[in-house]
Amino acid sequence: MTRAKEFQDLRPLLFSIAYRILGSVSEAEDAVQETWLRYETSQAPTASVKAYLATVVTRIAINVLNSARVRREEYVGPWFPEPLLTDPYQDPERAAELTDSMSMAALLLLERLTPLERAVFVLREVFDFGYQEIATAVGRSEAACRQLAARARRHMTEGRPRFEADRRACARLAARFFDAFTEGDVDGLRELLAADVQLVADSGGKAPQWATGFFGADQVILVLAAFIPPFVRIGGLMEPCQVNGQPGAIFRDRNAKIVNTWAIDILDGRIQAIHTVSNPEKLGHMGPVADAWTVLREMEVAMRSAT
């Protein structure tokens, strides 16, 4: 088998590792590409190609994350991971871990860890690498990696988000929510929201910002009730889909350009949180992006003309 074929076979795994460490589609893709360049010009690994490439992509991702953390501290407003519609890596034996680990809530929780803790946690808990392989990947002893894993696991357990275990029930509730949204059924929307639901948006200062967020069913329903009619009136489209392994949607303007994405947390038969991403720099990997400011101005005109 050629090196190129070996690499292509492992590319989905490498991307999935890098994405969970970085929370960025574009940075993960760059890390995978850099891994290929290093592999292409290196001597053939004497051990497992998978272990070798996982080591390279992990080290690159850790370095990128170390530099990215400063930028994230200076980020305007809430910072969310770049939305991912489909995880290219599939493993039926670890399907639950893979899905849960790419949710918005889980990736935000990973932000609390140091880059080393995050890398060790991802390799061990999500992808089930052995401690010897992890030690090589992060350049620490096995004993140190066990300590890093235990510390990361403790932090993750303390803040671990809870989700609806029945994914089919979750999908049905999300379908009801988006049907009510499309129909402008405010009462139907309200009955699906938890009392303490929150709606928080990541615009990065590059798109209209919905304050710092809206908290509680009364606030969120007011926002939804104000948002739906003018968005529909200007030809806006809502496309339900999976976003980071959760029920969600892509919102598009009349030209099918992306305005933002929504990812929904569901528990106990109610929507607990809505995470929206409208920063255009985080949406470009999914297709052409709309000018959100223009969309907002058109919605404002639509609202005035309706009064």
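1. T58 counts as buried because its relative accessibility is 0%. Buried here means under 20% relative accessible area, exposed over 50%, and partly exposed in between, with a 1.4 Å probe and protein chains only. T58 sits in helix 3, residues 49–73. Helices are DSSP runs of H or I with at least four residues, strands are runs of E with at least two, and both are numbered from the N terminus.

2. On the basis of the note: this is a predicted model, where local features need pLDDT of at least 70, side-chain atom pairs count only at pLDDT 80 or more, and totals for chains, interfaces and linings use all residues. Residues are numbered from 1 along each chain as its sequence is written, and side-chain values use heavy atoms, with hydrogens and water left out.

3. What surrounds T58? Beyond its neighbours within four places in sequence, T58 is in contact with I17, I21, A119, L123, A137 and V138. Contact means heavy atoms within 4.5 Å. A31 lies 27 residues from T58 in sequence, and the two C-alpha atoms are 8.6 Å apart.

4. The largest nonpolar core has 52 residues, and I17, F127 and V138 have the most contacts inside it. Such a core is a set of buried Ala, Val, Leu, Ile, Met, Phe, Trp, Tyr and Cys residues joined through side-chain atoms within 4.5 Å. Elements giving two or more residues to this core include helix 1 (3–22), helix 2 (25–40) and helix 3. Helix 1 gives the largest share of this core, 10 residues.

5. Two strands pair if DSSP finds at least two bridges between them.

6. Strand 6 (residues 270–277) runs parallel to strand 1 (residues 193–202), joined by 6 bridges. L193 stands opposite I271 of strand 6. Strand 5 and strand 6 run antiparallel, with 7 bridges; A263 has H275 in strand 6 as its bridge partner. Their hairpin has 2 residues between the strands, and D268 there takes a positive phi near 55°. Of the 8 residues in strand 6, 6 are buried.
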